[in-house]
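Hello,

Here is the structure I promised to pass on to you. Have a look at it first, and then read on for what I found in it.

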Amino acid sequence: EEMIARGRNINVTLIFSLQRYAEVVEAYLRGLERFVEAGGDPTPVASVASFFVSRVDTEADRRLDEAGAPDDLKGKLAVANAKLAYQRYKELFSGPRWEALEAKGARTQRCLWASTSTKNPAYRDVLYVEELIGPATVDTMPEETIDAFQDHGEVALTLEADLDEAKQVFERVAEAGVDYDDVVV
């Protein structure tokens with residue numbers, strides 16, 4: 001908040017949970033409001049909220065194993081978390097509060113998908129790239145993931161697909177006795 005209020009560009013990194021993401025956006029909005037109130041021009045201020053995607057599945061899968069959860073839940077929470085985060089992005093950057101900032105030239109704090117290389121060799125090597133393609137987002141990839149995506153990745157707007165399934169993943173993880181808020185914090 002303080003750096004945004006000073007007109008600085010910020011990459012807020014190592015975000016894992018929806019709760020933390022909401023806190024990050026709130027700090028961004030408060031910072032922009034303070035900057036504008038002090039007479040600053042928000043037009044050049046840029047920020048991203050960086051979600052570490054594959055790390056969520058790495059930890060969640062371990063905890064699902066410990067809980068004896070069904071195997072079909074593995075490799076699902078990270079994508080579900082990112083898809084629901086994007087829905088929060090759309091909610092949080094709409095309405096009167098945001099519109100007042102946008103009218104002065106403010107830009108949204110875009111979601112950035114980091115840690116998108118697949119850690120588990122059982123998963124498709126472009127899983128975290130293919131499933132998170134959508135507008136106003138950034139995806140960082142290591143070279144081997146870029147190469148794999150160029151070789152056999154499929155380009156499609158997927159970030160807003162299967163949202164009901166994403167919500168069901170969260171419900172099923174909770175039913176399995178794994179606290180997903182704890183997993184992704």
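Predicted model: local features only at pLDDT ≥ 70, side-chain atom pairs only at ≥ 80, totals over all residues.

**Helix α4 and the rest of the chain**

α4 is mostly covered, with 12 of its 16 residues buried. Among them are Leu77, Ala78, Val79 and Ala80, as well as Tyr86 and Tyr89. The buried set in α4 also includes Asn81, Lys83 and Gln87.

**The chain as a whole**

Stepping back, the chain has nine helices and four strands. Read from the N terminus, the order is α-β-α-β-α-α-α-β-α-β-α-α-α. The C-alpha trace spans about 55 × 40 × 25 Å along its principal axes. A compact globule of 185 residues would have a radius of gyration near 16 Å; the chain has 17 Å, which agrees.

Of the 185 residues in the chain, 44% are buried. The chain exposes about 9300 Å², and carbon and sulfur atoms supply 49% of that area. If you count contacts with a separation of 6 or more, 77% of them join residues 24 or more positions apart.

In soluble globular proteins, nonpolar side chains tend to be buried together. Here, the largest nonpolar core has 50 residues, and those that touch the most other members are Tyr21, Leu32, Phe51, Phe93 and Trp113. The elements giving two or more residues to this core are α2 (18-37), β2, α3 (53-67), α4 (77-92), α5 (95-103), β3 (110-114), α6 (127-130) and α8 (163-175). Which of them gives the most? That is α4, with nine residues.

Apart from its neighbours within four places in sequence, Leu32 is in contact with Ile4, Pro42, Val45, Trp98, Leu101, Ala106 and Arg107.

**A buried serine**

Next, please look at Ser47, which is found in strand β2 (residues 47-52). Its relative accessibility is 5%, under the 20% cut-off, so Ser47 counts as buried. What does its side chain make a polar contact with? The partner is the side chain of Gln109, at 2.9 Å. A polar atom of the Ser47 side chain also lies 2.7 Å from the backbone oxygen of Ile10.

**Two positive phi angles**

Most residues other than glycine have a negative phi. Two places are worth a look with that in mind. Ala136 is not a glycine, yet has a positive phi of about 60°. Ala136 sits in the loop between α6 and β4 (137-139), and at 34% relative accessibility Ala136 counts as partly exposed.

The other is Asp162, also not a glycine, with a positive phi of about 60°. Asp162 is found in the loop between α7 (143-152) and α8. With a relative accessibility of 48%, Asp162 counts as partly exposed.

Best wishes

Note on methods. Residues numbered from 1 in each chain as written. Heavy atoms only, no water. Buried < 20%, exposed > 50% of the residue type's maximum accessible area, 1.4 Å probe, protein only. Polar contact = N/O pair within 3.5 Å; in protein donor to acceptor, adjacent residues only side chain to side chain. Core = buried A, V, L, I, M, F, W, Y, C linked by side-chain atoms within 4.5 Å. Contact = heavy atoms within 4.5 Å. Rg over C-alpha atoms; globule rule 2.2 N^0.38 Å. Areas by Shrake-Rupley, 256 points an atom, 1.4 Å probe, with all protein chains shown as cover.
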